[in-house]
Amino acid sequence: MAMSLENSLLSLAGRAIRDARPKQIALSGPAGFLGSRVLAAILDAHDYRREHGLEPGEVVLLSSSPGNLMSKLNAQYGARRMASVRATRVDFYHQHDLDSWRDQLGSLGMGGSDSVFINLAALAGPRQDRPDAMMAVNYRAPLAAARACEALGFGHWVQSSTQAVKAERAGQVPYSRWKAMADYSLARLEKLPVSVFTLGLLYCKAQGVVGQRGDTLNMVDLTLLPITPIMGNGRAPLQPLEVGDAAARIAYVSLTEPTQRPMQPPMQRSGYDWSRPNISSARQYTWRTYDAVGPETMTMLELMENFAKLNGRVLNPVFVDYRNFEMVLNVASLGNLNRQFVSLLRSEQDAERPIVGNPDTFSTLLGPKASLFRIQDALVMLEGGGGAGTGGIVRIKKRSFPIFTTVKWVANHPGVIIPGTNLVLEIVGTFLLGKQFGSDKNWKWIRVGAMTTLLSGVFAGSMHAGAEFSRWWGEVTGGGGRPPATGMG
């Protein structure tokens, strides 16, 4: 039972999980940053139910590579814990019709009020080989799957969305646009109970990373540089959410009865809210949406300062224009820092009413005593204390700048070299000369300087390589221009 006591899902909501009927859960995105943690929470709940002599339920993993995924999970969790897990192959890029989803889910024995679909599959950035990839993964495939679930009589659909759907530029940014359309499409279903979690910026308190695995390039790595670029004025509001808190609550809602879900009260605003979608009043009994955001509202600058402290560093910020960052990210995303995220930051920093969610209902899904982790708690833990409601000290992994990964990223995306050089010039120039260095007036000189620096480096490197080759050739030939003859008596 040691595992149960350490798990917030089970320690706070164990009774509700015991009292619920066993669920048959289809989980998309099971290998992702959030999905892998939701799976772990569900497996903990299955073990908990077994310990109490109850049928655990089942998880069906929806994956593009189910064989490899099951091999990794069996090695990670062991055969006993994986006894309640199956996997099936799906293709979110092409599987967009109701019949294929209904027949696939039905052939797996899924259907009825105890069947649940958790949709955590998402694509945050474009793919050069698939122009319509973001629409396919974020909108068309989930829409077809949801209609199939309604036809099969599923008892619950759990949808991961984003706070960005409420932002000023939500309709201009492909990721938030397709997510918002998927959310509204789910609201138009007549019978299927739906829970939508509009997620804030996710981070992992143990790995000290934002929104992805810790072994790749991460937004947090910018805080490890001698000077850290901050886009715009750094005032864009964020509500970072610890990924374990998100996983526990998504798992809880999926494992318990949808009729017991609390309703988040609508946000009180003066005047008309033209951006709020019109949802039929008949859906009030089956539709729930939660602001899945963290308890702290902080600026982009404050977030980066906190992550610098977690890595034992002092942040040296340099405020740069969005332009050069966007030119780099138009070629390739820098880990989880992508063009979509930058565009939303840009709109929110100067918005008259920036979007700030209310996490109160989301926080207490596990019970009235439940709370959300705060980054400030992590700073206290780092000093050897214990944050409120944390249950002890969490070991936080300090990061070092991934030089090899960065070089590999540049090699794989050579198109970032010129805009990346512009960005580096702007960062260094702004740090030394002030904000006016990166103004529109000086922009042409930045480009001239970038190209001059790049070409000078290539020229100097070529000259050095030529000189070294000439020296080596002279040593081989003995200065005569030809290699000495061998084998002559």
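This is a tour of a predicted model, stop by stop, with what to select and what is found there.

**Before you start**

Residues are numbered from 1 along each chain as its sequence is written, and side-chain values use heavy atoms, with hydrogens and water left out. Because this is a predicted model, local features need pLDDT of at least 70 and side-chain atom pairs count only at pLDDT 80 or more, while totals for chains, interfaces and linings use all residues.

**Stop 1: colour by confidence**

Colour the chain by pLDDT, the predictor's confidence in each residue, from 0 to 100. The protein averages a pLDDT of 83, and 82% of the residues score at least 70. Select residues 1–6: pLDDT stays under 50 there, and the model has 11 contacts beyond four places in sequence for this stretch. A contact means heavy atoms within 4.5 Å. Then select residues 384–393, where the pLDDT is also below 50. That stretch has 13 contacts in the model beyond near neighbours in sequence.

**Stop 2**

Switch to a cartoon view. Helices (H or I, at least four residues) and strands (E, at least two) are DSSP runs, numbered from the N terminus. Select strand β2, residues 58–63. How many of its six residues are buried? Six of the six are, so the strand is mostly covered. Buried means under 20% relative accessible area, exposed means over 50%, and partly exposed lies in between (1.4 Å probe, protein chains only). Show the side chains: E58, V60 and L62 point one way from β2, whereas V59, L61 and S63 point the other way.

Strands of a sheet pair through backbone hydrogen bonds, either parallel or antiparallel. Here two strands count as paired if DSSP finds at least two bridges between them. β1 and β2 pair in the parallel sense over five bridges, and the bridge partner of Q24 in β2 is E58. β2 and β3 run parallel and are joined by five bridges; L61 has A87 as its bridge partner in β3.

Follow the chain between these strands. It crosses from β2 through α4 to β3 in a right-handed β-α-β crossover. β1, α3 and β2 also make a right-handed β-α-β unit. A crossover is right-handed if, with the strands pointing away from the viewer, the path from the first strand over the helix to the second runs clockwise.

**Stop 3**

Side chains of opposite charge can pair when their charged atoms come close. A salt bridge is a side-chain nitrogen of Lys or Arg within 4 Å of a carboxyl oxygen of Asp or Glu. A search of the whole structure finds 12 salt bridges.

Select D44, D47, R50, R80 and R81, which are linked in a network of salt bridges. D44 and R81 meet at 2.5 Å, N to O.

**Stop 4: R21 and E257**

Select R21 and E257, whose side chains meet in a salt bridge of 3.3 Å, N to O. R21 is partly exposed, at 42% relative accessible area, whereas E257 is buried at 12%.

**Stop 5: two buried glutamines**

Select Q95, in the loop between β3 and α5 (98–107). Q95 is buried, with a relative accessible area of 12%. Leaving aside neighbours within four places in sequence, Q95 is in contact with V90, S100, W101, Q104 and A141.

Next select Q239, in the loop between β10 (237–238) and β11 (241–242). Q239 is buried at 8% relative accessible area. Beyond four places in sequence, the contacts of Q239 include G200, L201, V293 and V356.

**Stop 6: the open sheet at β11**

Three strands form an open sheet in the order β8-β7-β11, with mixed pairing. β8 (209–210) and β11 are the edge strands, each pairing on one side only. Strand β7 (residues 202–204) pairs with β11 in the parallel sense over two bridges. To find one of these bridges, select L202 and its partner in β11, L241.
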